[in-house]
Amino acid sequence: MTACSQGARALVPFFVSFFVALGGEPARGQQLPEGFRHEASPLPLAASTVFVRSNGDVVTFDGRHLVLAATGQPARVLLILPTTAFGSFVIEPSLGTLVFGENSNGGVWVVPIAGPRPRTPKFRLALNYDAAVLDATHVVVSAKTTGWTTPDNEVFVLDLTTGAQSLVATLPGPSGPVAVDDGGSVYYATASAPFSTPPVPSTVLRFPHTAITNAILLQTPLTTADAQLVATGIDAAADLAFDDRGNLLFSDWFQNTIGVVLDATGPTPSLGTPLVSYGLAPGAASLHFVKSTGRAVFQPFQPVGATLFVHETDYFSASQLAIVRPARPTLTASAPSPVPAGAFAFTIDGGPALGLGVLAIASAANTAEGAFDLGFAQPLHWSLALGPASMLLPMAFDAAGHALVAANNPGFQPAITTTAQAAFLSSTNALGSTNPAVTTLGP
C-alpha cells in the first residue's frame, strides 16, 4: 500500500465520527430516486424483446430476426425464424451463447453469437414467458405449457448440454417472472389472473438451490409449500432482476414503476421506495442489470459502473432502451488553473438536496481512488492524495443539490498542485463523494 493510500485510509475514523455526528447511522440496502440518472435511446417499434450484454452490445428481436448491435459495427442477424413470433426472453448463460425464447410457437433456441445460425429450436416449451441463468449450462424457464385456461404455471430447468428439460415447480396462476441470485436460489413472482385490476397482490417466492437440485434428481416438482416467502403486497411484477447488493428489482406494470425488494437475498427483505416512477409515460417491459467491474455499486451518488438497462415501451407507439445508473456529483473550481492569488470557490453540482458534508484539500495530485467501507450501504470513494493532513472545510447543499465552498489562494511561487474532493451525507442517510479535482494554485 502506498503512503497516499495509507493516508486516505487514516481518514476513515474521522468520516465515521463526522457523519454519525451529523445525525446519521450506517444505513443498509437503500434504493433512492435521488442520486440516480436516467438516459434513453430509441429502439425499433417492432422490438418485442430486448437484451443488453455485459459489454453493452444490444440484442433485439423484431418478430422474425434476432439482431445484435455492437458499438461501431453494423448490425448482425443471429437468427431468422421461419414465421412471425412474439419474443419472450433473451439471456446469456455463458459468454458468446444466447438463449432466446418465443411464445407463439414455443421455441427455445440456443444461439451462438459467432454463428452459425441455428435451424431448429433446442427445446419446445409452449407459452414460455421468462427465463434466468442458473449456471453456464442450465437456465430456468417459466412457461404455461398446459395452456391459457389451466390453473397452474410451470418452472423448468433446461440443460443446454444434454437437452434435458426438468419440471422443477408447479405454481398457481398465470406465468410469473423468474430470477436467480448469486447462490443459485430461484425467485418467482406470482401473477394475478385478471389483467386490469389485480384483486390478489403478487408475491415473491424463493426456492433454495438445494430444493431445485433435489427436484431435478427426484423428478418431483416443488409447490408453494416448498417456497420461502420473500415479499408480498406487490401489485404486479412483469420482470425481475437482481442488483449487486442483493436487492430485487421488479417492473410493476400496474403502478407503472420499477420497484425494489430490499435485501431480497437476506434474512429481512422489505419493499422499498420505487426506483423509477413513470406516471403516464411508457413503462418498463424488461430489466437487465450489469454489475460494475470495480467497486462502484448501484447506490445513489456512486461513480459510474453498475447499470440497469430497461426496455421501456407501450408496444404500440414508443420503444426505447433506458440506462439507469448512479449519478455522482461534480466538483469544479470557479477559476481555471493556474488559479491566481485571491478568492475563488469550489462548486458542487448534482449533490443531495439539503445534504451536509466536508471538502478536503491537500497539496498533492492524485485522482486515483480507494473504496472505503464506513458501515453505510455505499462505500466511500476517496482520493488517495487526501490524508489526515488535508484541510477540511464544512459544506451544505441547497434544495437543488448545489453547494459552494469559498476558498482563498494566498499565492504560491512556484505554483503548487492540489487535490480537492467532497464527501457528504444526504438527508436520507446516503453516503457519497464527488470526483477528485486537481487544481494548480499560482502566484
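I count a residue as buried under 20% relative accessible area, as exposed over 50%, and as partly exposed in between, using a 1.4 Å probe and protein chains only. I am working on a predicted model, where local features need pLDDT of at least 70, side-chain atom pairs count only at pLDDT 80 or more, and totals for chains, interfaces and linings use all residues. Residues are numbered from 1 along each chain as its sequence is written, and side-chain values use heavy atoms, with hydrogens and water left out.

**Entry 1: aromatic pairs**

I went for the rings to begin with. A pair of aromatic rings is described by the distance of the centres and the angle of the planes. My rule is that rings of Phe, Tyr and Trp (its six-membered ring) pair if their centres lie within 6.5 Å; planes under 30 degrees apart are stacked, over 60 edge-to-face, and the rest tilted. The structure has 9 aromatic pairs.

I looked up F86 with Y315: this aromatic pair is tilted, at 6.2 Å centre to centre and 50° between the planes. The pair links distant parts of the chain, 229 residues apart, with F86 in the loop between β5 (76-80) and β6 (87-94) and Y315 in the loop between β24 (307-313) and β25 (319-326). For the element names I use DSSP runs numbered from the N terminus: helices are H or I with at least four residues, strands are E with at least two. F86 is partly exposed at 39% relative accessible area, and Y315 is also partly exposed, at 48%.

Next I checked Y187 and F242. Their ring centres are 4.9 Å apart and their planes stand at 75°, so I noted the pair as edge-to-face. Y187 is in strand β15 (residues 186-189) and F242 in strand β18 (residues 239-242), so the pair ties together parts 55 residues apart in sequence. Y187 is buried, with a relative accessible area of 0%. F242 is buried too, at 14%.

I also found F36, F289 and F298 linked into a cluster by ring pairs.

**Entry 2: R53**

Is R53 buried or exposed? I get a relative accessible area of 8%, so R53 is buried. R53 sits in the loop between β2 (49-52) and β3 (58-61). Leaving aside neighbours within four places in sequence, I list V59, L68, E92, L95, G96, I113 and V290 as being in contact with R53; contact means heavy atoms within 4.5 Å.

**Entry 3: the second largest pocket**

Rolling a probe the size of a water molecule over the atoms shows where empty space is left. I worked on a 1 Å grid over the protein atoms alone, where a pocket is an open set of points where a 1.4 Å probe fits, with protein on both sides within 12 Å along at least five of seven lines; lining residues have an atom within 4 Å of a point. Grid points are joined across faces, edges and corners, and the volume is the space filled by probe spheres set on the points.

The second largest pocket holds about 210 Å³ of space. I find 15 residues lining this pocket, with I361, A362, M391, T418 and L441 nearest its centre. β27 (342-349), β28 (356-362), β32 (403-409) and β33 (416-425) each supply at least two residues of the lining.

How many residues of the lining are nonpolar, polar and charged? I get 11 nonpolar, 4 polar and no charged. Here Ala, Val, Leu, Ile, Met, Phe, Trp, Tyr, Cys and Pro are nonpolar, Asp, Glu, Lys and Arg charged, and the others, Gly among them, polar.

**Entry 4: helix α3**

I looked at helix α3 (residues 209-218), where A211, I212 and A215 are the buried residues. They cover an arc of only 100° around the axis, which puts them on the same side of α3; the arc is taken from the directions from the helix axis to the C-beta atoms. On the face turned away from that buried side I see the exposed residues T210 and L217. The cover over the buried residues of α3 includes β12 (152-159), β13 (165-172), β15 and β16 (202-207). After α3 comes Q219, with a positive phi near 55°.

**Entry 5: backbone**

Most residues other than glycine have a negative phi, and most peptide bonds are trans. I noted the peptide bond from G115 to P116 as cis, with omega near 0°. P116 is in the loop between β8 (107-112) and β9 (123-124). The bond from Q413 to P414 is cis as well, with omega near 5°, and P414 lies in the loop between β32 and β33.

N256 is not a glycine but has a positive phi of about 55°. I place N256 in the loop between β19 (248-252) and β20 (257-262), and N256 is buried at 15% relative accessibility.
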